[in-house]
Structures are given as C-alpha cells and as structure tokens.
Amino acid sequence: MVSYSVKGGGLVEALKMRALPEGSNDYLALLEFLKLYRDAVQLVVNKLWSLNEIPSIKTLHKMSYSELKRYGFRAHHVKQVYTYAKTIVRASKRNGGKKPVLRRLTARVDRYDYRLDLENRTLILRIHDGRVVILKLLTSIERIEKFRGWSNYEIAIKVIENEVYVAVYFRRIVKSRKTKTITTIDVNFDNVTLAVFTSSGKLLKLKRYKTPLRKILTHRIWIERIQKRYSKSWGFVKGVREVIEKHGDRMKSIALDYAHKIGDRVAEIANEHNSTIVLENLNKLRDRANSNSLFNKKLSLWFYRKIQFTINYEALERRLEVSYINPMKTSSTCPRCESRLKDNGDRVLKCSKCDFTGDRDVVACINLFYRYSRCGVPRVALNAPKGDANLRPMQGKRDEAMKSTYIRS
Ligand SMILES: [Zn+2]
C-alpha cells in the first residue's frame with residue numbers, strides 16, 4: 001500500500017510494509033520502546049489536556065523534561081513525543097471529545113534516529129538507553145526502486161497482534177518545467193470547468209465535467225432518513241449501524257474515485273498544452289450556490305479539496321507548476337469591464353454595463369486567468385466572451401467544447 005500527499009512544491013509518499021525483527025531480542029526491545037513511547041505520549045497528553053492553551057514545543061519541553069528523562073529517550077524521540085501529543089490533543093478538543101487514552105503501540109521516529117539500507121532492505125532503529133533494533137523490511141525490489149533519488153525523512157512504526165509494520169516517508173522536490181499556457185479550473189457543486197489560455201488570453205480549450213456531488217448527497221439523505229426513523233436506537237442496533245456505514249463508505253468511494261479520475265484528466269490536458277495550472281484558494285472560498293445547509297457546505301468543501309489534491313499531485317508528477325488564486329468574486333465580475341454581473345437565470349450571467357453575457361463557470365475561469373496573469377494582459381485580447389452564445393452550456397453540436405462530460409465511475 002502506497003499513500004501520498006502533496007506539501008509545498010514537493011511530493012511526499014509513504015512506503016508501507018511489514019517488517020521482521022532480526023532476533024527475538026530485537027522484537028522485545030522494540031516492544032519495550034513502543035510501550036515507553038506510548039506512556040510518554042500519554043504523560044504529555046495528560047499535561048496538555050489540563051491547559052487552556054496548547055503551548056509551544058519549547059515551553060512543553062520545560063514543563064515535561066524532568067519527568068521524561070527517566071525513559072532514556074534520545075533528544076529527537078522526545079521532540080516527536082511532544083509533536084504527537086499535541087496533534088492528538090488538538091484533534092480531540094476540536095471534536096469535543098474526551099481526554100484521549102492511548103492503547104495502540106505506535107511511534108513516529110525522526111530520520112536522525114534510524115538508518116535505512118534500501119539495498120539490503122534493512123532498518124536500524126535507535127531506541128531508548130542507547131540500544132538499537134534491527135528490522136528486515138518485507139517488500140519487493142520493485143517497490144523500493146521507485147524511491148531511488150527521493151529522500152526519506154520520518155518513519156512510523158507500529159506493532160499490531162505481534163506483527164511489526166513500518167511506513168517510511170519519502171520526499172521528492174519537484175522542479176517544475178517552463179510552461180507556455182495557463183489552465184484555470186473552477187470547481188462548484190455541479191461542475192468542474194477547465195479553460196486553457198495562451199499567455200495573451202486566447203482561449204484554446206474549454207471543458208466541463210459533471211461532479212458526482214448530487215449522487216453523494218442522495219446517500220447522505222438516506223443516512224438522515226434512517227437516523228430519523230430509528231432516532232433512539234440507530235447507534236446501538238448493529239444492522240442499522242451497518243446500513244449507515246455502508247452509505248458512508250459509498251459516499252467516500254464515489255468522491256475518491258472521481259477525484260482520482262478528474263485529477264488525472266485535468267493534468268493530462270494541462271500536460272498536452274504545456275500549461276501552468278491555476279486553482280482557487282479554497283481558504284478564501286466564496287459562498288457557493290446550492291450549498292445552503294452547513295452540511296452541504298462542509299461536504300462540498302471536503303470534496304473540492306480532494307479534487308484539488310489529486311490535480312496538484314498529478315500535475316507535480318508531470319512537473320507542471322500549480323498556483324492558487326483568491327477566487328473572491330471571480331464568478332460575479334464582468335471579464336470585459338469589471339462591473340458586477342447579474343444572474344440572468346440558468347447559470348447565465350449578464351453585465352448591465354457592457355451587455356456581456358456568459359456562462360457562470362466560464363466567467364469564473366476567465367477571471368481566474370486574469371487574476372493569475374494580472375500584469376500586462378489586455379482585457380480586450382480575450383477571445384472567449386466575443387460570441388456570447390458559445391459561452392452557454394449545452395447548446396448542441398455547435399458548442400462541442402461546452403458539453404458537460406460525465407466521468408464514468
Ligand atoms: Zn461588463
């Protein structure tokens with residue numbers, strides 16, 4: 001199993017595998033280390049739980065070090081313990097939970113505290129009291145091959161039912177290549193819209209993909225119905241709980257499957273056009289139509305983030321630069337004269353000042369392009385809004401580019 005995430009301009013990926021302690025002493029020592037580690041994290045969690053504010057690592061260290069000393073940890077172990085404890089407490093407080101009680105045997109270890117020998121598939125782990133543990137990594141040469149030239153930085157190690165599992169986190173800095181065009185992407189409840197522009201604003205390609213958010217919502221509605229029907233008992237009756245979980249899983253798999261496909265599709269189009277990808281900065285997200293309830297809002301935002309994440313990842317894999325732009329008012333500003341656009345029904349927007357008419361999603365893409373290439377692109381050079389009709393969606397054959405495309409799931 002390989003999982004990945006994107007941080008800054010680099011790719012982060014985890015190589016997860018089972019590991020075999022070289023001898024029984026290695027296993028026992030590792031077990032002892034993980035138990036001590038868990039105790040230490042619990043100790044710090046207890047401390048943090050009683051505080052109103054979560055202190056810095058430095059302050060935390062001053063507060064805890066005299067007690068942690070007896071564990072015989074290395075300096076970086078202790079630092080990881082603080083970080084881990086802080087994450088746990090933050091998450092639990094955010095969800096309004098109870099004080100966390102740790103049961104699992106798991107530790108995060110800094111790169112200073114282990115040595116990885118990929119050729120021989122061996123991991124040497126530095127544990128407490130100056131001891132080491134040797135682990136054989138059970139993985140294939142093929143899987144390791146991928147990470148040649150990446151740099152490893154952290155590992156997570158855990159023991160479940162007497163089996164040892166290791167995840168090695170690798171990082172690769174991606175140097176993006178020189179691009180010639182700009183691809184902007186607007187994501188909203190119904191559609192993902194993509195527009196490719198030349199640097200002078202000529203529209204090269206326009207594509208729209210339906211999102212599965214409505215489908216996802218129907219599962220949500222089912223869950224609510226069931227919960228209402230069994231309002232007192234649903235949490236306790238196994239069969240009911242299972243049905244709810246099933247709908248929940250379905251929601252998740254539809255979203256992830258779609259995000260994966262759209263990420264690949266968008267990055268491939270950008271790749272063909274040698275394009276920089278411009279996405280909306282979701283932290284500055286405007287209120288969107290069709291998401292009137294708080295739940296819908298949360299669900300859509302979660303979904304948008306999944307989509308952006310895969311687009312970003314697939315883009316980096318192709319060495320394409322990704323840029324995030326503040327999307328405020330991008331779907332309500334006239335791309336021709338910058339006046340405020342009015343809703344003309346059926347997702348069509350109209351400018352009362354210059355008579356520009358355009359499809360809402362396309363307007364957003366055009367404005368994202370302007371915002372990205374703010375300097376020096378004359379607004380008149382843009383060819384997109386010239387013929388108003390070709391901006392409206394689904395106008396039959398004449399308007400091939402704006403047909404909504406369904407991504408098969
Ligand atoms: Zn206008």
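These legends describe close-up views of a predicted model.

**View 1. Four cysteines hold the zinc ion.** The zinc ion is coordinated by the SG atoms of Cys334, Cys337, Cys351 and Cys354, at 2.3 Å. The site is tetrahedral, with angles of 102 to 115° among the four donor atoms. Along the sequence, the donor residues follow the spacing C-x2-C-x13-C-x2-C. Cys354 is partly exposed, because its relative accessible area is 25%.

**View 2. Helix H2 packs against helix H3.** H2 spans residues 57–68 and H3 spans residues 75–94. Their axes lie 11 Å apart, at an angle of about 115°. The crossing is right-handed. From H2, the contact uses Ile57, Leu60, His61, Ser64, Tyr65 and Leu68. H3 contributes Val78, Lys79, Tyr82, Thr83 and Lys86. Of these contact residues, six are nonpolar, three polar and two charged.

**View 3. Glu161 has a positive phi.** Its phi is about 45°, although Glu161 is not a glycine. Most residues other than glycine have a negative phi. Glu161 sits in the loop between strand E7 (151–160) and strand E8 (163–173). With a relative accessible area of 74%, Glu161 is exposed.

**View 4. Arg347 also has a positive phi.** Here phi is about 65°, and again the residue is not a glycine. Arg347 lies in the loop between strand E14 (341–343) and strand E15 (348–351). Its relative accessible area is 28%, so Arg347 counts as partly exposed.

Terms used
Residues numbered from 1 in each chain as written. Predicted model: local features only at pLDDT ≥ 70, side-chain atom pairs only at ≥ 80, totals over all residues. Heavy atoms only, no water. Donors = N, O, S within 2.8 Å, 3.2 Å for Na, K, Ca; no water. Tetrahedral: all angles 85-135°; square planar, octahedral: opposite > 155°, others 65-115°. Buried < 20%, exposed > 50% of the residue type's maximum accessible area, 1.4 Å probe, protein only. Axes fitted to C-alpha atoms, helices over the stretch in contact; angles between N-to-C directions. Helix = DSSP H or I, 4+ residues; strand = E, 2+ residues; numbered from the N terminus. Left-handed = near helix turned anticlockwise from the far one by under 90°. Contact = heavy atoms within 4.5 Å. Nonpolar A, V, L, I, M, F, W, Y, C, P; charged D, E, K, R; others polar.
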